[in-house]
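Here are my notes on the ligand and the space around it. Please read them with the model open.

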Amino acid sequence: MTARILPRPQHLGTAGRAFPLRAATITVSGADAATLAAADDLAFRAYGVHLSADAGAALVTVVETTVDAPEAIGTDPRPQHRAGSSEAYRATVGENGVHLAAGSAEAVFRGLLSLAASVEDGVLRAADLTDYPRFAWRGLSLDVVRHWFPAAEVRQLIDLLALHKLNVLHLHLTDTQAWRFEVPGRPGLAAADGAYTAAELDAIVAYAAARHITVVPEFDAPGHVAPTVGTDIGVTVRDGGHAFLRYLDHGDDGVQAFVRDVFAEIAARFDSPYLHIGGDEAFGDPAESYNAFVAAAAAEVRGLGRRVIGWQETIRAGALQSTDLVQLWIAERDRFDPEKAKADLPEEYHGFIAMAAPVFAESVHDPERIAAAGVPVIVSASDPLYLDRRPSDPSTDPAQHETLTTVGFRAYEPRPTTEVLGWDPLEIDDIRGTGAIAAGVEAALWCETVRDLDDAALLLLPRLGLVAQRAWGSASIDRAAVLAATRAHAAAWTALGFGAFFRSKEIFE
Ligand code: TNX
(Lines give C-alpha, C1' and ligand atoms only; values in the text may rest on other atoms or scores of the structure.)
Protein backbone atom coordinates (compact mmCIF):
# COMPACT_ATOMS: atom_id res chain seq x y z
CA MET A 1 0.00 0.00 0.00
CA THR A 2 1.20 3.47 -0.94
CA ALA A 3 4.35 1.62 -1.91
CA ARG A 4 5.38 4.06 -4.63
CA ILE A 5 5.33 7.37 -2.72
CA LEU A 6 8.90 8.79 -2.71
CA PRO A 7 9.90 10.43 -0.41
CA ARG A 8 8.11 8.15 2.03
CA PRO A 9 5.33 9.81 4.05
CA GLN A 10 6.25 10.85 7.59
CA HIS A 11 3.51 8.82 9.30
CA LEU A 12 1.63 5.87 7.92
CA GLY A 13 -1.42 4.65 9.82
CA THR A 14 -2.65 1.09 9.76
CA ALA A 15 -6.01 1.85 8.10
CA GLY A 16 -6.14 1.32 4.39
CA ARG A 17 -8.58 0.68 1.60
CA ALA A 18 -8.46 -0.12 -2.09
CA PHE A 19 -10.65 1.91 -4.44
CA PRO A 20 -10.96 0.65 -8.00
CA LEU A 21 -10.78 3.56 -10.45
CA ARG A 22 -12.79 4.15 -13.57
CA ALA A 23 -10.66 5.10 -16.59
CA ALA A 24 -7.55 5.50 -14.39
CA THR A 25 -9.05 8.70 -13.02
CA ILE A 26 -9.15 9.93 -9.43
CA THR A 27 -12.14 12.25 -9.09
CA VAL A 28 -11.55 15.20 -6.76
CA SER A 29 -13.74 17.82 -5.13
CA GLY A 30 -12.67 20.92 -3.25
CA ALA A 31 -9.31 21.52 -4.96
CA ASP A 32 -8.78 24.81 -6.78
CA ALA A 33 -8.65 24.47 -10.56
CA ALA A 34 -5.02 25.54 -11.06
CA THR A 35 -3.68 23.16 -8.41
CA LEU A 36 -5.71 20.28 -9.79
CA ALA A 37 -4.58 21.02 -13.36
CA ALA A 38 -0.89 21.05 -12.37
CA ALA A 39 -1.23 17.85 -10.34
CA ASP A 40 -3.18 16.16 -13.15
CA ASP A 41 -0.57 17.13 -15.75
CA LEU A 42 2.27 15.56 -13.78
CA ALA A 43 0.33 12.58 -12.42
CA PHE A 44 -0.86 11.62 -15.88
CA ARG A 45 2.50 11.92 -17.59
CA ALA A 46 4.43 10.20 -14.78
CA TYR A 47 1.95 7.62 -13.50
CA GLY A 48 -0.75 7.46 -16.20
CA VAL A 49 -3.29 8.60 -13.58
CA HIS A 50 -5.72 11.45 -14.20
CA LEU A 51 -7.01 13.77 -11.48
CA SER A 52 -10.25 15.40 -12.49
CA ALA A 53 -12.77 17.69 -10.82
CA ASP A 54 -16.06 16.17 -9.74
CA ALA A 55 -18.14 18.34 -7.44
CA GLY A 56 -20.67 15.55 -6.80
CA ALA A 57 -19.49 12.03 -6.06
CA ALA A 58 -15.74 12.57 -5.84
CA LEU A 59 -13.42 9.83 -4.59
CA VAL A 60 -11.13 12.40 -2.97
CA THR A 61 -12.55 15.30 -0.98
CA VAL A 62 -10.14 18.11 -0.28
CA VAL A 63 -10.78 19.85 3.01
CA GLU A 64 -8.99 23.12 3.57
CA THR A 65 -7.71 23.00 7.11
CA THR A 66 -4.43 23.35 8.95
CA VAL A 67 -2.69 20.05 9.53
CA ASP A 68 -0.64 19.76 12.70
CA ALA A 69 3.00 19.25 11.84
CA PRO A 70 6.40 20.24 13.17
CA GLU A 71 7.85 23.31 11.51
CA ALA A 72 10.25 22.50 8.68
CA ILE A 73 13.93 23.01 9.48
CA GLY A 74 15.67 25.83 7.65
CA THR A 75 14.84 28.58 5.21
CA ASP A 76 11.68 28.97 3.16
CA PRO A 77 12.72 29.50 -0.48
CA ARG A 78 9.30 30.65 -1.67
CA PRO A 79 8.56 34.17 -2.95
CA GLN A 80 6.65 36.39 -0.56
CA HIS A 81 3.19 35.73 -1.99
CA ARG A 82 3.57 31.96 -1.45
CA ALA A 83 5.92 31.88 1.53
CA GLY A 84 5.03 30.63 4.95
CA SER A 85 2.09 28.43 4.06
CA SER A 86 2.16 24.91 5.44
CA GLU A 87 3.18 22.05 3.15
CA ALA A 88 1.65 19.46 5.46
CA TYR A 89 -1.26 17.28 4.39
CA ARG A 90 -3.18 14.38 5.85
CA ALA A 91 -5.09 11.67 4.01
CA THR A 92 -7.69 9.58 5.82
CA VAL A 93 -9.72 6.78 4.30
CA GLY A 94 -13.43 6.18 4.77
CA GLU A 95 -16.04 3.86 3.30
CA ASN A 96 -16.56 5.85 0.15
CA GLY A 97 -13.36 7.69 -0.38
CA VAL A 98 -10.43 9.71 0.87
CA HIS A 99 -10.39 12.95 2.84
CA LEU A 100 -7.40 15.08 2.00
CA ALA A 101 -6.81 17.72 4.65
CA ALA A 102 -4.41 20.44 3.58
CA GLY A 103 -3.91 24.07 4.51
CA SER A 104 -2.52 25.48 1.27
CA ALA A 105 -2.50 24.97 -2.49
CA GLU A 106 0.99 23.53 -2.19
CA ALA A 107 -0.11 21.00 0.42
CA VAL A 108 -3.03 19.98 -1.83
CA PHE A 109 -0.62 19.56 -4.77
CA ARG A 110 1.75 17.39 -2.72
CA GLY A 111 -1.12 15.32 -1.34
CA LEU A 112 -2.71 14.71 -4.75
CA LEU A 113 0.65 13.56 -6.15
CA SER A 114 1.01 11.11 -3.26
CA LEU A 115 -2.46 9.74 -4.01
CA ALA A 116 -1.64 9.41 -7.72
CA ALA A 117 1.54 7.54 -6.73
CA SER A 118 -0.63 5.17 -4.71
CA VAL A 119 -2.44 3.87 -7.79
CA GLU A 120 -1.43 0.37 -8.86
CA ASP A 121 -3.11 -1.50 -11.69
CA GLY A 122 -6.09 0.84 -11.82
CA VAL A 123 -6.70 0.66 -8.05
CA LEU A 124 -6.08 3.50 -5.58
CA ARG A 125 -4.48 1.87 -2.55
CA ALA A 126 -5.11 4.67 -0.10
CA ALA A 127 -3.75 4.70 3.44
CA ASP A 128 -4.13 6.95 6.44
CA LEU A 129 -1.08 9.14 6.35
CA THR A 130 0.28 12.43 7.59
CA ASP A 131 3.07 14.04 5.65
CA TYR A 132 5.21 17.17 5.87
CA PRO A 133 8.78 18.13 4.98
CA ARG A 134 11.72 17.84 7.36
CA PHE A 135 13.66 20.61 5.57
CA ALA A 136 12.19 23.81 4.12
CA TRP A 137 14.79 24.14 1.32
CA ARG A 138 15.02 21.08 -0.94
CA GLY A 139 16.81 21.71 -4.19
CA LEU A 140 18.81 20.77 -7.21
CA SER A 141 21.51 23.01 -8.66
CA LEU A 142 21.76 22.55 -12.41
CA ASP A 143 24.77 23.54 -14.51
CA VAL A 144 23.24 24.72 -17.79
CA VAL A 145 26.59 26.16 -18.89
CA ARG A 146 28.88 23.17 -19.42
CA HIS A 147 25.93 21.41 -21.00
CA TRP A 148 23.12 23.40 -22.53
CA PHE A 149 19.63 22.30 -21.48
CA PRO A 150 16.98 23.88 -23.76
CA ALA A 151 13.91 25.29 -21.99
CA ALA A 152 11.85 22.17 -22.77
CA GLU A 153 14.41 19.97 -20.97
CA VAL A 154 14.45 22.34 -18.00
CA ARG A 155 10.70 21.80 -17.76
CA GLN A 156 11.27 18.02 -17.80
CA LEU A 157 13.66 18.45 -14.89
CA ILE A 158 11.10 20.58 -13.06
CA ASP A 159 8.62 17.71 -13.47
CA LEU A 160 11.15 15.34 -11.92
CA LEU A 161 11.76 17.67 -8.97
CA ALA A 162 8.02 18.10 -8.36
CA LEU A 163 7.46 14.34 -8.55
CA HIS A 164 9.74 13.94 -5.53
CA LYS A 165 8.55 17.00 -3.59
CA LEU A 166 11.68 19.07 -4.17
CA ASN A 167 11.01 22.81 -4.22
CA VAL A 168 14.08 24.64 -5.56
CA LEU A 169 15.70 24.59 -9.00
CA HIS A 170 18.94 26.56 -8.81
CA LEU A 171 20.04 27.53 -12.33
CA HIS A 172 23.79 28.06 -12.71
CA LEU A 173 23.49 30.45 -15.67
CA THR A 174 27.02 31.76 -16.23
CA ASP A 175 30.48 30.23 -16.07
CA THR A 176 33.96 30.11 -17.61
CA GLN A 177 32.66 28.40 -20.76
CA ALA A 178 29.48 30.35 -21.61
CA TRP A 179 26.79 32.87 -20.69
CA ARG A 180 23.30 31.40 -20.90
CA PHE A 181 20.73 34.22 -20.89
CA GLU A 182 20.14 37.50 -22.64
CA VAL A 183 20.89 40.79 -20.91
CA PRO A 184 19.31 43.87 -22.54
CA GLY A 185 21.88 46.31 -23.87
CA ARG A 186 24.65 43.68 -23.95
CA PRO A 187 24.46 42.08 -27.40
CA GLY A 188 26.97 39.30 -27.95
CA LEU A 189 27.02 38.27 -24.27
CA ALA A 190 24.63 35.32 -24.60
CA ALA A 191 26.28 32.19 -26.02
CA ALA A 192 25.53 31.52 -29.69
CA ASP A 193 25.15 27.79 -29.02
CA GLY A 194 22.40 28.20 -26.43
CA ALA A 195 20.93 30.90 -24.22
CA TYR A 196 17.48 31.52 -22.74
CA THR A 197 15.43 34.44 -24.02
CA ALA A 198 13.53 36.56 -21.51
CA ALA A 199 10.29 34.91 -22.64
CA GLU A 200 11.76 31.44 -22.07
CA LEU A 201 12.90 32.34 -18.56
CA ASP A 202 9.48 33.78 -17.76
CA ALA A 203 7.88 30.56 -18.97
CA ILE A 204 10.28 28.42 -16.91
CA VAL A 205 9.58 30.43 -13.76
CA ALA A 206 5.81 30.19 -14.29
CA TYR A 207 5.95 26.45 -15.07
CA ALA A 208 8.00 25.86 -11.92
CA ALA A 209 5.72 28.04 -9.77
CA ALA A 210 2.68 26.05 -10.85
CA ARG A 211 4.51 22.97 -9.55
CA HIS A 212 5.52 24.72 -6.32
CA ILE A 213 9.16 25.10 -7.25
CA THR A 214 11.15 28.32 -6.90
CA VAL A 215 13.81 28.95 -9.54
CA VAL A 216 16.92 30.48 -7.96
CA PRO A 217 19.17 32.15 -10.56
CA GLU A 218 22.96 32.34 -10.25
CA PHE A 219 25.32 34.84 -11.88
CA ASP A 220 28.70 33.39 -10.95
CA ALA A 221 31.32 36.09 -10.32
CA PRO A 222 33.99 37.46 -9.82
CA GLY A 223 35.70 34.27 -11.09
CA HIS A 224 34.34 31.82 -13.67
CA VAL A 225 34.00 34.68 -16.20
CA ALA A 226 32.39 33.76 -19.54
CA PRO A 227 34.47 34.32 -22.69
CA THR A 228 31.92 36.83 -24.03
CA VAL A 229 32.43 39.10 -21.02
CA GLY A 230 35.10 41.57 -22.13
CA THR A 231 35.83 44.80 -23.94
CA ASP A 232 33.35 43.92 -26.73
CA ILE A 233 30.55 44.52 -24.26
CA GLY A 234 32.34 47.29 -22.38
CA VAL A 235 33.78 45.33 -19.47
CA THR A 236 37.41 45.19 -18.39
CA VAL A 237 38.37 41.69 -17.26
CA ARG A 238 41.57 40.88 -15.38
CA ASP A 239 43.46 38.20 -17.21
CA GLY A 240 45.49 35.89 -15.01
CA GLY A 241 47.10 34.31 -18.07
CA HIS A 242 44.72 31.35 -18.25
CA ALA A 243 41.03 31.01 -19.12
CA PHE A 244 40.41 29.72 -15.57
CA LEU A 245 42.15 32.70 -13.99
CA ARG A 246 40.05 35.54 -15.40
CA TYR A 247 38.18 37.62 -12.86
CA LEU A 248 36.26 40.85 -12.45
CA ASP A 249 37.57 43.66 -10.29
CA HIS A 250 34.83 45.91 -9.01
CA GLY A 251 36.94 49.03 -9.54
CA ASP A 252 37.68 48.38 -13.23
CA ASP A 253 36.03 50.11 -16.17
CA GLY A 254 32.53 48.94 -16.89
CA VAL A 255 32.39 46.28 -14.17
CA GLN A 256 30.01 48.04 -11.81
CA ALA A 257 27.57 48.97 -14.60
CA PHE A 258 27.72 45.42 -15.94
CA VAL A 259 26.96 43.83 -12.58
CA ARG A 260 24.07 46.28 -12.16
CA ASP A 261 22.61 45.41 -15.59
CA VAL A 262 22.93 41.69 -14.95
CA PHE A 263 21.19 41.73 -11.58
CA ALA A 264 18.50 44.11 -12.87
CA GLU A 265 17.65 41.63 -15.62
CA ILE A 266 17.81 38.67 -13.23
CA ALA A 267 15.49 40.44 -10.78
CA ALA A 268 13.07 41.22 -13.62
CA ARG A 269 12.90 37.58 -14.74
CA PHE A 270 12.98 35.67 -11.44
CA ASP A 271 10.74 36.09 -8.39
CA SER A 272 13.08 34.19 -6.08
CA PRO A 273 13.59 36.05 -2.79
CA TYR A 274 17.25 35.00 -3.04
CA LEU A 275 19.65 35.79 -5.89
CA HIS A 276 22.86 33.74 -6.11
CA ILE A 277 26.05 35.76 -6.63
CA GLY A 278 28.36 32.75 -7.12
CA GLY A 279 31.74 33.65 -5.68
CA ASP A 280 33.39 30.22 -5.89
CA GLU A 281 36.90 29.52 -7.10
CA ALA A 282 37.93 33.10 -7.93
CA PHE A 283 41.45 31.89 -8.59
CA GLY A 284 44.10 34.56 -8.96
CA ASP A 285 41.83 37.26 -7.53
CA PRO A 286 43.61 38.93 -4.56
CA ALA A 287 41.57 38.81 -1.34
CA GLU A 288 41.09 42.56 -1.19
CA SER A 289 39.65 42.70 -4.70
CA TYR A 290 37.53 39.59 -4.12
CA ASN A 291 36.09 40.93 -0.87
CA ALA A 292 35.22 44.29 -2.42
CA PHE A 293 33.50 42.59 -5.36
CA VAL A 294 31.40 40.33 -3.13
CA ALA A 295 30.37 43.26 -0.92
CA ALA A 296 29.36 45.30 -3.98
CA ALA A 297 27.44 42.42 -5.57
CA ALA A 298 25.62 41.80 -2.29
CA ALA A 299 24.72 45.50 -2.06
CA GLU A 300 23.40 45.39 -5.62
CA VAL A 301 21.15 42.42 -4.78
CA ARG A 302 19.87 44.12 -1.62
CA GLY A 303 19.18 47.29 -3.59
CA LEU A 304 16.78 45.20 -5.66
CA GLY A 305 14.95 44.07 -2.52
CA ARG A 306 16.37 40.55 -2.58
CA ARG A 307 18.61 38.50 -0.34
CA VAL A 308 22.01 37.06 -1.19
CA ILE A 309 23.25 33.51 -1.67
CA GLY A 310 26.96 32.90 -2.20
CA TRP A 311 29.11 29.81 -2.48
CA GLN A 312 30.96 29.13 0.75
CA GLU A 313 34.03 31.20 -0.17
CA THR A 314 31.92 34.39 -0.05
CA ILE A 315 31.77 34.19 3.74
CA ARG A 316 35.42 35.35 3.70
CA ALA A 317 34.37 38.75 2.36
CA GLY A 318 32.56 39.53 5.63
CA ALA A 319 29.61 40.93 3.66
CA LEU A 320 26.90 38.33 4.29
CA GLN A 321 24.13 38.88 6.83
CA SER A 322 22.07 36.45 8.87
CA THR A 323 19.19 36.99 6.42
CA ASP A 324 21.39 35.76 3.54
CA LEU A 325 22.42 32.19 2.77
CA VAL A 326 25.70 30.52 2.06
CA GLN A 327 26.09 27.32 0.07
CA LEU A 328 28.57 24.84 1.47
CA TRP A 329 30.05 22.59 -1.20
CA ILE A 330 33.57 21.43 -0.37
CA ALA A 331 33.13 18.11 1.42
CA GLU A 332 35.84 16.86 3.70
CA ARG A 333 36.58 13.90 1.46
CA ASP A 334 36.94 16.20 -1.55
CA ARG A 335 39.28 18.78 -0.04
CA PHE A 336 41.75 19.83 -2.71
CA ASP A 337 45.16 18.21 -2.57
CA PRO A 338 47.57 20.25 -4.71
CA GLU A 339 50.21 17.50 -4.73
CA LYS A 340 47.70 14.96 -5.99
CA ALA A 341 46.38 17.45 -8.56
CA LYS A 342 49.91 18.00 -9.84
CA ALA A 343 50.43 14.27 -10.16
CA ASP A 344 47.07 13.85 -11.96
CA LEU A 345 47.24 16.81 -14.33
CA PRO A 346 49.63 17.74 -17.16
CA GLU A 347 52.41 20.31 -16.62
CA GLU A 348 50.43 23.13 -18.29
CA TYR A 349 48.01 23.12 -15.35
CA HIS A 350 50.64 23.35 -12.63
CA GLY A 351 50.71 27.16 -12.52
CA PHE A 352 46.95 27.14 -12.23
CA ILE A 353 47.10 24.61 -9.39
CA ALA A 354 49.41 26.93 -7.49
CA MET A 355 46.82 29.72 -7.82
CA ALA A 356 43.96 27.44 -6.76
CA ALA A 357 45.69 25.92 -3.73
CA PRO A 358 45.34 28.91 -1.35
CA VAL A 359 41.63 29.34 -2.18
CA PHE A 360 41.00 25.71 -1.24
CA ALA A 361 43.35 25.76 1.76
CA GLU A 362 41.11 28.47 3.24
CA SER A 363 38.01 26.33 2.76
CA VAL A 364 38.74 24.39 5.96
CA HIS A 365 37.97 27.56 7.91
CA ASP A 366 34.78 28.54 6.04
CA PRO A 367 32.39 26.56 8.29
CA GLU A 368 33.62 28.31 11.47
CA ARG A 369 33.36 31.68 9.77
CA ILE A 370 29.83 30.84 8.61
CA ALA A 371 28.78 29.73 12.08
CA ALA A 372 30.27 32.86 13.66
CA ALA A 373 28.41 35.10 11.19
CA GLY A 374 25.14 33.22 11.80
CA VAL A 375 24.45 32.83 8.08
CA PRO A 376 22.29 29.75 7.38
CA VAL A 377 23.82 27.08 5.18
CA ILE A 378 22.42 25.34 2.13
CA VAL A 379 24.14 21.99 2.51
CA SER A 380 25.53 20.88 -0.87
CA ALA A 381 28.51 18.90 0.38
CA SER A 382 30.09 17.42 -2.76
CA ASP A 383 30.06 14.08 -0.96
CA PRO A 384 27.30 12.86 -1.23
CA LEU A 385 25.33 15.66 -2.94
CA TYR A 386 27.31 16.25 -6.15
CA LEU A 387 25.57 13.93 -8.54
CA ASP A 388 28.26 14.33 -11.21
CA ARG A 389 30.23 11.96 -8.98
CA ARG A 390 30.13 8.49 -10.53
CA PRO A 391 28.23 5.75 -8.70
CA SER A 392 30.61 3.03 -7.51
CA ASP A 393 28.14 0.15 -7.28
CA PRO A 394 27.33 -2.35 -10.04
CA SER A 395 24.63 -1.75 -12.65
CA THR A 396 22.35 -4.47 -14.00
CA ASP A 397 23.31 -3.08 -17.43
CA PRO A 398 27.06 -3.45 -18.13
CA ALA A 399 26.85 -0.83 -20.90
CA GLN A 400 26.29 1.78 -18.18
CA HIS A 401 29.76 1.09 -16.79
CA GLU A 402 31.16 1.77 -20.23
CA THR A 403 29.28 5.11 -20.39
CA LEU A 404 30.53 5.97 -16.91
CA THR A 405 34.14 5.82 -18.05
CA THR A 406 33.55 9.22 -19.70
CA VAL A 407 30.38 10.52 -18.01
CA GLY A 408 30.81 11.76 -14.43
CA PHE A 409 33.50 14.00 -12.94
CA ARG A 410 36.75 12.08 -12.95
CA ALA A 411 38.40 13.81 -9.99
CA TYR A 412 35.83 12.53 -7.49
CA GLU A 413 36.12 9.12 -5.92
CA PRO A 414 33.02 7.12 -6.95
CA ARG A 415 30.58 6.33 -4.12
CA PRO A 416 27.62 3.96 -3.70
CA THR A 417 24.24 5.05 -5.08
CA THR A 418 22.56 4.77 -1.67
CA GLU A 419 25.29 6.66 0.23
CA VAL A 420 23.01 9.62 0.96
CA LEU A 421 20.63 7.39 2.97
CA GLY A 422 23.36 6.79 5.54
CA TRP A 423 24.23 10.48 5.78
CA ASP A 424 22.49 13.33 7.56
CA PRO A 425 23.09 17.02 6.79
CA LEU A 426 22.72 18.00 10.44
CA GLU A 427 25.29 15.46 11.57
CA ILE A 428 28.24 16.51 9.40
CA ASP A 429 31.18 18.14 11.17
CA ASP A 430 30.81 21.37 9.20
CA ILE A 431 27.33 21.84 10.69
CA ARG A 432 27.13 19.98 13.99
CA GLY A 433 30.78 20.57 14.82
CA THR A 434 30.54 24.33 14.28
CA GLY A 435 26.97 25.05 15.38
CA ALA A 436 26.12 26.45 11.94
CA ILE A 437 22.43 26.72 11.04
CA ALA A 438 21.15 24.54 8.19
CA ALA A 439 18.88 26.21 5.61
CA GLY A 440 18.25 22.93 3.84
CA VAL A 441 19.68 20.57 1.28
CA GLU A 442 20.61 21.01 -2.37
CA ALA A 443 22.07 18.38 -4.69
CA ALA A 444 24.06 19.55 -7.71
CA LEU A 445 24.64 18.32 -11.23
CA TRP A 446 27.75 19.82 -12.82
CA CYS A 447 27.84 19.06 -16.50
CA GLU A 448 31.42 19.06 -17.80
CA THR A 449 30.93 15.42 -18.85
CA VAL A 450 27.23 15.50 -19.76
CA ARG A 451 26.41 15.34 -23.49
CA ASP A 452 22.64 14.91 -23.46
CA LEU A 453 19.61 14.26 -21.28
CA ASP A 454 20.46 10.55 -21.11
CA ASP A 455 23.82 11.33 -19.52
CA ALA A 456 22.04 13.64 -17.09
CA ALA A 457 19.54 10.88 -16.25
CA LEU A 458 22.36 8.38 -15.65
CA LEU A 459 23.94 10.68 -13.06
CA LEU A 460 20.76 12.14 -11.53
CA LEU A 461 18.76 8.99 -10.95
CA PRO A 462 18.05 7.15 -8.77
CA ARG A 463 20.18 9.34 -6.49
CA LEU A 464 18.00 12.45 -6.76
CA GLY A 465 15.05 10.42 -5.45
CA LEU A 466 17.16 9.40 -2.45
CA VAL A 467 18.27 12.99 -1.88
CA ALA A 468 14.58 13.96 -1.88
CA GLN A 469 14.01 11.27 0.75
CA ARG A 470 16.77 12.86 2.82
CA ALA A 471 15.48 16.40 2.31
CA TRP A 472 11.76 15.73 2.92
CA GLY A 473 11.69 12.53 4.97
CA SER A 474 12.38 11.92 8.62
CA ALA A 475 15.90 11.55 9.99
CA SER A 476 15.39 7.83 10.47
CA ILE A 477 14.87 5.88 7.29
CA ASP A 478 13.01 2.66 6.49
CA ARG A 479 15.60 1.61 3.97
CA ALA A 480 13.67 -1.29 2.46
CA ALA A 481 10.58 0.87 1.92
CA VAL A 482 12.64 3.68 0.39
CA LEU A 483 14.39 1.31 -2.01
CA ALA A 484 11.07 -0.30 -2.97
CA ALA A 485 9.51 3.11 -3.67
CA THR A 486 12.59 4.03 -5.71
CA ARG A 487 12.38 0.81 -7.71
CA ALA A 488 8.70 1.49 -8.34
CA HIS A 489 9.62 4.78 -10.07
CA ALA A 490 11.44 3.25 -13.03
CA ALA A 491 8.39 3.56 -15.29
CA ALA A 492 7.56 7.10 -14.15
CA TRP A 493 11.12 8.32 -14.77
CA THR A 494 11.08 6.71 -18.18
CA ALA A 495 7.73 8.32 -18.99
CA LEU A 496 9.17 11.74 -18.07
CA GLY A 497 12.17 11.23 -20.39
CA PHE A 498 14.72 9.92 -17.87
CA GLY A 499 14.77 6.29 -18.96
CA ALA A 500 18.58 6.21 -18.95
CA PHE A 501 18.72 6.24 -15.11
CA PHE A 502 21.48 4.20 -13.42
CA ARG A 503 20.35 0.59 -12.90
CA SER A 504 21.94 0.14 -9.47
CA LYS A 505 21.82 -3.61 -8.78
CA GLU A 506 21.04 -2.99 -5.13
CA ILE A 507 17.77 -1.31 -6.16
CA PHE A 508 16.76 -2.75 -9.51
CA GLU A 509 17.70 -6.41 -9.31
C1 TNX B 1 33.39 22.74 -8.53
S2 TNX B 1 30.96 23.59 -7.06
C3 TNX B 1 32.76 23.84 -9.09
C4 TNX B 1 32.23 23.73 -10.45
C5 TNX B 1 32.57 22.40 -11.08
C6 TNX B 1 32.37 21.30 -10.06
C7 TNX B 1 32.50 19.91 -10.62
C8 TNX B 1 31.50 24.91 -7.42
C9 TNX B 1 30.95 26.01 -6.65
N10 TNX B 1 32.44 24.99 -8.39
O11 TNX B 1 32.71 24.80 -11.24
O12 TNX B 1 31.73 22.22 -12.17
O13 TNX B 1 33.27 21.49 -9.02
O14 TNX B 1 31.87 18.99 -9.76
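1. Start with two terms. Ala, Val, Leu, Ile, Met, Phe, Trp, Tyr, Cys and Pro count as nonpolar, Asp, Glu, Lys and Arg as charged, and the others, Gly among them, as polar.

2. A word on the source. This is a predicted model: local features need pLDDT of at least 70, side-chain atom pairs count only at pLDDT 80 or more, and totals for chains, interfaces and linings use all residues. Residues are numbered from 1 along each chain as its sequence is written, and side-chain values use heavy atoms, with hydrogens and water left out.

3. Which residues surround the ligand? Among them are Arg-146, His-224, Asp-280, Trp-311, Tyr-386, Asp-388 and Glu-448.

4. Look at the polar contacts (pairs of N or O atoms within 3.5 Å). A polar side-chain atom of Glu-448 is 2.5 Å from a ligand oxygen. For Asp-388 the distance to a ligand oxygen is 2.7 Å, and for Arg-146 it is 2.8 Å.

5. How much of the ligand does the protein bury? Alone, the ligand exposes 370 Å², and the protein buries 96% of that (Shrake-Rupley method, 1.4 Å probe).

6. Now the lining of the largest pocket. Its residues divide into 19 nonpolar, six polar and 14 charged.

Terms used: Near = heavy atom within 4 Å. Polar contact = N/O pair within 3.5 Å; in protein donor to acceptor, adjacent residues only side chain to side chain.
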